[in-house]
Amino acid sequence: MRVLEAFGEPISNGGQESFVRELISHMDRDGMTVDLLTPYYCDNDAYREAAASWGGTVLELGETFNPGGSRFGIVKPLMKVLRSRPYDVVHVHSGSISILCIFAVCARRCGVKRVLVHSHCGVEKVTLKNVVLRTLGSLVLRRTADEFCACSKEAADAKFVPALCGKPVRILKNGVDRARFAFSEEARNRIRGELGLPDHAILLGHVGRFSYQKNHEYLVRVFAAVRKERPDAHLVLIGTGETEDTVRAQAADAGLGGAVHFTGTVPNVEDYLSAMDVFVLPSRFEGLPLVGVEAEAAGLPVVTSDQVSRELDLCPNVTFLPLTEDVSPWADAVRNAAGIRNPGASDDLGKQGFAIEQTAAEVRKLYVSR
């Protein structure tokens with residue numbers, strides 16, 4: 001069986017590709033070869049190494065990544081790949097309705113036997129444009145997709161109309177490798193030493209693409225407020241993206257340059273989660289962010305926006321707050337939560353079906369169904 005895991009964004013350090021890497025790594029791959037594909041680029045060698053370990057490769061089409069722009073430029077290069085490589089299964093991962101439709105149509109035209117479309121993101125607010133795209137997209141996908149999947153109810157509602165799709169949407173939980181993300185005292189001390197943190201400093205953290213959705217600008221404002229009461233506080237931001245330069249300038253203008261650590265893409269996110277004292281996620285919209293589940297697996301308290309699915313409330317240390325102009329409630333929540341780890345995180349996640357081996361077994365069944 002040849003499987004293609006296709007993404008609507010670059011392969012870097014985002015939640016979608018991280019989910020897929022863990023998913024396939026923990027799946028029974030007997031008789032299966034798995035490739036990864038992005039219409040754009042891959043700047044994380046960990047995914048090339050993972051694909052090679054599955055007997056596959058990372059396919060980069062080299063198109064220009066233009067968030068919010070037209071996606072139809074990917075059609076010809078995508079069709080060329082699908083015609084030259086016969087796949088039995090194509091599993092499309094994206095927060096874009098147009099990407100899900102383009103990949104599904106191309107896969108079906110090229111004779112792919114099983115096509116799965118997987119929504120990983122919600123929507124900031126429901127607009128007429130969203131309603132129209134969701135309606136038209138569901139009609140297109142009804143004829144081209146075999147399975148409709150989403151990471152949460154919010155992500156499902158944002159991309160699909162079940163009555164038009166002709167079948168229900170499957171909620172596939174963003175399971176994590178609980179052993180990998182379990183708290184490590186050794187990793188904590190090592191990373192904090194590399195960052196040059198004072199012994200009693202509190203470390204706020206975030207992992208995610210620098211983008212409008214992730215709302216790093218708000219996080220920097222929250223951090224500035226935290227520093228007024230805790231001048232030993234530091235912030236680590238893991239990832240890259242289109243708003244990174246803006247956020248760097250914001251931090252420098254606020255006099256926070258020495259306390260905000262930009263790491264870029266890292267291969268050991270789990271070590272940084274052990275080093276953190278609180279995880280902050282002020283996203284403008286989400287589905288069910290995998291990185292939030294990973295943070296919970298590390299026992300971290302999570303302070304997140306109320307635009308994130310309540311399905312993230314898996315452990316007893318998650319706080320949801322509105323994105324108000326006044327950031328003082330966020331600063332208070334961060335200071336109060338910092339350092340209070342949950343020792344029962346692994347059991348909490350396993351009981352609720354958020355172990356990666358559970359998700360991997362479910363997805364494999366979808367791949368081999370007829």
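**Notes on the predicted model**

1. Let me start in the sheet, where Gly-205 stands opposite Phe-279 of S11. This is a predicted model, with local features needing pLDDT of at least 70 and side-chain atom pairs counting only at pLDDT 80 or more, while totals for chains, interfaces and linings use all residues. Numbering runs from 1 along each chain as its sequence is written, and side-chain values rest on heavy atoms, with hydrogens and water left out. Helices (H or I, at least four residues) and strands (E, at least two) are DSSP runs numbered from the N terminus.

2. The sheet itself is open and has six strands, ordered S10-S9-S8-S11-S12-S13 with parallel pairing. S10 (260-264) and S13 (318-321) are the edge strands, each with a single partner, so one side of each has no neighbour in the sheet. From one strand to the next the twist averages 20 degrees; the axes behind this are lines fitted to C-alpha atoms (for helices, over the stretch in contact), and angles run from 0 to 180 degrees between N-to-C directions. Two strands count as paired if DSSP finds at least two bridges between them.

3. Now the pairings around S11. Strand S8 (residues 203-207) is joined to S11 by two bridges, running parallel. S11 also pairs with S12 (residues 302-305) in the parallel sense, over three bridges, and there Phe-279 has Val-302 of S12 as its bridge partner. Further out, four bridges join S9 (residues 234-238) to S10, again parallel, with Val-236 partnered by His-261 in S10.

4. What covers S11 (residues 278-281), on one face or both? Both faces are covered: Val-278 and Val-280 point to one side, Phe-279 and Leu-281 to the other, and all four are buried. Side chains in a regular strand alternate between the two faces of the sheet. "Buried" here means under 20% relative accessible area, "exposed" over 50%, and "partly exposed" in between (1.4 Å probe, protein chains only).

5. Phe-223, in helix H10 (residues 216-229), is worth a look. Phe-223 counts as buried because its relative accessibility is 0%. Beyond neighbours within four places in sequence, Phe-223 is in contact (heavy atoms within 4.5 Å) with Leu-204, Ala-233, His-234, Leu-235, Leu-256, Ala-259 and Val-260. In the loop between S8 and H10 sits Asn-215, whose phi is near 65 degrees, a positive value in a residue other than glycine. Asn-215 is buried too, at 4% relative accessible area.

6. Helix H1 (residues 15-25) is mostly covered, with nine of its eleven residues buried.

7. On the surface, Val-123, Val-126, Leu-128, Val-131, Val-132, Leu-136 and Leu-139 make up a nonpolar patch with about 600 Å² of accessible area together. Patches take residues with over 30% relative accessible area and no salt bridge, joining like charges within 9 Å and nonpolar side chains (Val, Leu, Ile, Met, Phe, Trp, Tyr) within 5 Å. The areas are Shrake-Rupley values with a 1.4 Å probe, and for residues only the protein chains shown count as cover. Val-131 lies in helix H5 (residues 128-144) and is partly exposed, at 32% relative accessibility.

8. For salt bridges, the rule is a side-chain nitrogen of Lys or Arg within 4 Å of a carboxyl oxygen of Asp or Glu, and the count comes to 22. Asp-35 and Arg-2 form one of them at 3.3 Å, N to O. That pair links distant parts of the chain, from Asp-35 in S2 (residues 33-38) to Arg-2 in S1 (residues 2-7), 33 residues apart. Asp-35 is buried at 3% relative accessibility, whereas Arg-2 is partly exposed at 28%. Arg-2, Asp-35 and Arg-85 are linked in a salt-bridge network.

9. Which parts does the Asp-277 and Arg-192 pair tie together? Their closest N and O atoms are 3.2 Å apart in a salt bridge. Asp-277 is in the loop between H12 (269-275) and S11, and Arg-192 is in H9 (residues 185-195), so the pair ties together parts 85 residues apart in sequence. Asp-277 and Arg-192 are both buried.
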